[in-house]
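Today I will talk about aromatic rings and their neighbours. Please have a look at the model before I start.

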Amino acid sequence: MQIGRWNHQSAGNHSGSSGSSHGGRPYSPRPHEKGADAFSQGKPSRGGRASRFPSRGGYGSRGGYRGRGGVRRGGFGSFGQTEAEISKFMNKTVVTTEEPVFVPEHTFSDFDINEHLKKNILARKYELPTPIQDKAIPHALLGQDVVGLAETGTGKTAAFLIPLIDKVMKQKGERILVMAPTRELAVQIEKELAGFARGLGFRGMVAVGGANIGPQISQLKHEPAFVIGTPGRLKDLMERRALNLSGFGTVVLDEADRMLDMGFIDDMRFILGKMRKERHTLFFSATMSKDIERLIGDFLTSPVVISVKKRDTPSSVDQDVVRIPSGKDKFEVLAEMLKDRAFSRVLVFGRTKFGVEKLAKALSRRHIHAESIHGNKTHGARIRALEAFKSGKVSVLVATDVAARGLDIPAVSHVINYDLPSTYEDYIHRIGRTGRATLKGKALTFVQGR
Ligand code: AMP
């Protein structure tokens with residue numbers, strides 16, 4: 001993470017969207033597990049452990065699992081259907097960096113914000129601020145302009161919503177404009193706002209294209225504290241005199257780079273140009289470019305720049321695939337593997353609650369003591385399973401992605417992707433459970449039928 005004052009000469013320090021110009025100390029997941037981050041590196045694919053569980057021949061016979069291709073999110077698709085995707089489950093280059101674990105300087109209760117808002121944050125189960133929240137919130141609370149170089153998944157939405165909700169609570173009549181590139185993002189921001197603003201007595205609305213403008217005009221008559229919209233529709237509403245920006249002292253530009261890519265630059269400039277000069281501006285972009293620099297230079301005042309980059313893969317995790325030929329039973333491969341004492345604390349990922357439960361039971365029948373955590377278990381049962389795993393009473397914990405999010409278990413020796421993850425992002429979350437702090441970990445992904 002980098003933090004600094006905006007300065008055109010040094011802006012290049014913050015440039016680059018992806019791994020290549022990684023902007024300093026990235027975030028290693030803490031209990032809340034936001035933005036498992038890393039950038040590509042690793043070791044040459046080892047012969048070591050994985051080669052003891054060879055691609056060809058040897059283990060069992062039942063077969064059966066087939067990745068269901070196609071759909072990525074929200075469906076049954078898996079990441080790892082092609083050789084190119086599979087190659088992402090292996091380290092290919094040499095580790096050259098050690099990334100320090102991110103330790104937030106603040107807790108949410110440290111922030112000087114509305115007490116009810118704090119309760120709402122806790123109710124959302126946000127335990128600790130993510131890096132962008134940790135660094136941006138104090139500045140935003142002081143009314144300073146902020147440039148957050150952060151992408152989706154870093155917690156950037158709450159990084160601006162929390163201080164701005166507090167502002168609305170402290171300054172009666174304060175109104176906030178949020179510009180976002182897409183309808184989906186605007187709706188998502190509004191949802192998050194609704195969660196944080198529960199019981200606080202103000203409103204937010206979404207003003208996006210592709211939806212009937214009439215109801216939006218009506219909503220604007222109630223002067224909601226937050227107006228969250230796409231630039232085209234916001235401009236349209238302004239031109240129809242339904243939206244008057246003179247009452248708005250604060251503006252957020254979320255995913256500014258994407259707004260530029262989508263051709264919103266003129267609308268953005270038009271909207272910002274109609275706002276008062278002495279306003280509070282929070283600006284978020286995953287990438288830095290000349291156009292972005294120009295926008296910041298034109299519309300922000302001495303902003304604090306905070307850069308949070310997500311890494312691709314944690315450097316401390318040794319990754320490899322375990323190829324299971326068609327017709328071989330991957331359960332047998334797993335059972336065999338887990339007999340090895342080196343597999344001392346193993347987190348096994350399955351895709352479904354049912355599959356996870358079944359797998360844990362099947363392992364236990366083989367005298368490999370396993371617990372499971374998934375959404376069909378009560379909170380108490382999950383805690384008990386977790387404690388048994390943490391204390392070493394059982395050496396294997398089988399989990400779904402959802403149940404494992406946010407877990408902070410020390411010294412996990414191996415993460416095994418028994419079922420493929422749905423997305424690469426899920427993969428990164430999974431393998432981030434091992435190799436934490438100063439420890440090295442191993443991640444093995446079962447790839448079947450090749
Ligand atoms: P964003 O980058 O704002 O899209 O946030 C990504 C996801 O992280 C959302 O589901 C948020 O609800 C969640 N999130 C944001 N901040 C935190 C936090 N401090 N602790 C736990 N989850 C968070």
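Which charged end sits over the ring of Tyr418? The charged end of Lys330 does, 4.3 Å from the ring centre. By definition, a charge sits over a ring if NZ of Lys or CZ of Arg is within 6 Å of the ring centre and within 35 degrees of the ring normal. Lys235 lies over the face of Phe270, 5.2 Å from the centre of that ring.

A word on the source. This is a predicted model, where local features need pLDDT of at least 70, side-chain atom pairs count only at pLDDT 80 or more, and totals for chains, interfaces and linings use all residues. Residues are numbered from 1 along each chain as its sequence is written, and side-chain values use heavy atoms, with hydrogens and water left out.

Now the ring pairs. Searching the whole structure gives 10 aromatic pairs. Rings of Phe, Tyr and Trp (its six-membered ring) pair if their centres lie within 6.5 Å; planes under 30 degrees apart count as stacked, over 60 as edge-to-face and the rest as tilted.

One of the pairs is Phe79 with Tyr424, which is tilted, at 5.2 Å centre to centre and 40° between the planes. Phe79 lies in the loop between helix H1 (48-51) and helix H2 (83-86), and Tyr424 in helix H16 (residues 424-431), so this pair ties together parts 345 residues apart in sequence. Helices here are DSSP runs (H or I, at least four residues), numbered from the N terminus. Phe79 is buried, at 8% relative accessible area, and Tyr424 is buried at 15%. Buried means under 20% relative accessible area, with a 1.4 Å probe and protein chains only. Ring pairs also link Phe79, Phe89, Tyr424 and Tyr427 into a cluster.

Key:
Helices (H or I, at least four residues) and strands (E, at least two) are DSSP runs, numbered from the N terminus. Buried means under 20% relative accessible area, exposed over 50%, partly exposed in between (1.4 Å probe, protein chains only).
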